[in-house]
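User: Could you walk me through this one, a question at a time? I'd like the cut-offs spelled out as we go.

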Amino acid sequence: MAETVTVEEKEPLFSKKNRQLLIDPLNDQNPITIQVLGICSALAITTQVKNAVVMTISVMFVMMAGNVIVSLLRNGIPDRIRIIVQLVIVAALVILVDQVLKAFVYDVSKQLSVFVGLIITNCIIMGRLEAFALANKPWPSLLDGFGNAIGYGWVLVVVAVVREILGAGKIFGIQIIPDAVYAFGYMNNNFVILPPMALIIVGIIIWIQRSKNTALIESH
Amino acid sequence: MKFLKNIVDSVKPNFEKGGKLQKYWPVFDGFETFLFVPGHATENGAHIRDGIDLKRTMVTVILALVPCLLFGMYNVGYQHFLAIGESAEFIDMVIYGAIRVMPLVIVSYGVGLGVEFLFCIKNGHSIQEGFLVSGMLIPLIMPVEVPLWMVAVATAFAVVFGKEVFGGTGMNILNPALTARAFLFFAYPTKMSGNSVWIATDGMQTVDGYTGATALGNAVEQGVAGIPPFMDAMIGIIPGSVGETSVLACLIGAVILIASGIGSWRIMLSMIIGGYVMGYLFNIWGANSYMEIPAHHQLVLGGFFFGMVFMATDPVSAAQTNMGKWIYGFFCGLLGIMIRVFNPAYPEGIMMAILFMNVMAPLIDHYVVQGNISKRLKRAQVIA
């Protein structure tokens, strides 16, 4: 499909504009830290890195597929019922993801529980469909979906890494803080497991990002 | 003094603009003004000034905390020797207590001031003395057996997220010391509650019948029968966090704070009323044995008085308007007792109540101010 699009567009696959679609969501237009979307899932499922990665992949699939489908249908969708059409598309994709997760990684699926279903209402997905896919061709939409999923994913994974190390002393379920440290009286931090601390960690990421990225520093 | 002044003056050029250590000017400035009256005068604009600056304010509060600290040391020793069943002289108890408490104080000040200096140097503003009080409060609201590294982590967390992210001293919405305690309470519950952390036993054999539970811990299980006599709680020879047990020591502090005009008597009084009202309502209800604890007895247990005198009155995080202070204090007391009785998982509800009311304080102030404006508008319209 990618090739046909190139022919239509008559511009290089990764032109400067298209590359911008990929790079912007990572930093300057990050869905979580800048647009503050998709926070609920970022707080709820980031207690383990594994969950965060699975969640990222799920969202990536839904976002890319949803973007492409809506983009293909964009000229046929009546304006008045576009939200319903988008919802139907996203819901179908999410059910697909849910079933796949249940079939192949049942334990993760159980831990993600309701949050897989809640991908439907993930603000990032609806936001990208509304803001981008409805007005752009399939290939840029695909890139946009991919970029935003990665932008969402890296924050998720960073939060999850911090929470899993401090909260359980593990990464991907493998213990990385040696028993000797525990023997000295070190203890896992239960607060990190609770959602409020996830919010604080997201806050720290935003803090660091805003202090490094000159484009984001507000002038007072 | 002359000697000290000479040293300060001789190193001063290094820190001034153009000097080698210019970056560390805030640190130098902080120490210099701590030792001597600042030598610079206000340069422009009209200012209402008082003879008291932030540093003196903080020192007054620390002064008010001294009775709690000293009694805390004595009580740590007293509880220790009581638990292991040895008799000891008064002085032995104080010395033992001092040995246990001073490390907490040192860690709290060391870490807290370190973080504060770091932010001051990074942001290039002069050191504000807000932490002088927080650094003293933190050890006083810890169980004596809490590991030192936990105190360090909690202090760093409280200074950064309780204060610096909001813009430093005077801008915080939460009381930093309570932030530190709440952090530990949720992060390491096994070290912050239960029966094994309140009395320093050093792993020694304890006497028969020793439980190590606090008055509130006992109250949850046994109700009226489990709590110590009123006078014991008043004087403070009961297990608990280091500095919170003695109501008398807190009251001495309260007198100092009120006399110097630093602590608000409105908050203190309304908090007592709030706590008493809630306790009395529970007495009337009497659904379980805990609720039957007499209201006045309820107030002297746990950290109610300590929280009231030193935490709720924090001028930064409390309500600012006089009417707001009454409301704020009343609900601190009311909610504190309510949480304590309703949720046995949070035996010390005062911490939660004060933090919650810290968050609510700006809202209270907003409505008090709005109410005043609309009242005066109405009056103006009647005349017109």
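User: Before going on, what should I know about the model and the numbering?

Analyst: It's a predicted model, where local features need pLDDT of at least 70 and side-chain atom pairs count only at pLDDT 80 or more, while totals for chains, interfaces and linings use all residues. Residues are numbered from 1 along each chain as its sequence is written, with chains lettered from A and ligands numbered from 1 in the order in which they are written.

User: Which helix holds B:Ile106, and where is that helix kinked?

Analyst: Helices here are DSSP runs of H or I with at least four residues, strands are E runs of at least two, and both are numbered from the N terminus. B:Ile106 lies in helix 4 of chain B, which covers residues 90-123. The bend at a residue is the angle between axes fitted to the seven residues ending there and the seven starting there. In helix 4 of chain B a kink of about 30 degrees comes shortly before the proline B:Pro103, at B:Val101.

User: How far does helix 4 of chain B reach from its first C-alpha to its last?

Analyst: The expected span is 1.5 Å times one less than the number of residues. With 34 residues, helix 4 of chain B is expected to reach 50 Å, and the model comes close to that, at 48 Å.

User: What about helix 16 of chain B: how far apart are its end C-alpha atoms, and at which residue is it kinked?

Analyst: Helix 16 of chain B (residues 349-383) has 35 residues and should span 51 Å, and its end C-alpha atoms are 48 Å apart, which agrees. Shortly before the proline B:Pro362 there is a kink of about 45 degrees, and it sits at B:Met360.

User: Which helices are included in what covers the buried residues of helix 16 of chain B?

Analyst: The buried residues of helix 16 of chain B include B:Ile354, B:Met357 and B:Ala361. Their cover includes helix 7, helix 14 (304-311) and helix 15 (322-342) of chain B.

User: How many residues does the largest nonpolar core have, and where does it lie?

Analyst: A nonpolar core is a set of buried Ala, Val, Leu, Ile, Met, Phe, Trp, Tyr and Cys residues joined through C-beta atoms within 7 Å. The largest has 146 residues, and those with the most contacts inside it include A:Val62, B:Phe183 and B:Tyr328. Domain 1 (15-36 + 55-206) and domain 2 (253-384) of chain B both give residues to it, so the core lies between them.

User: Which helix of chain B gives the most to the side of domain 1 that touches domain 2?

Analyst: The domain bounds come from an automatic or database domain assignment, and two residues are in contact if their C-beta atoms, placed from the backbone, lie within 7 Å. By that rule, 20 residues of domain 1 of chain B are in contact with 18 residues of domain 2 of chain B. With 8 residues on the domain 1 side, the top contributor is helix 3 of chain B.

User: And how many residues of chain A are in contact with chain B?

Analyst: On the chain B side, 7 residues take part, and on the chain A side the number is 7.

Note on methods: Buried ≥ 20, exposed ≤ 12 C-beta atoms within 10 Å, placed from the backbone.
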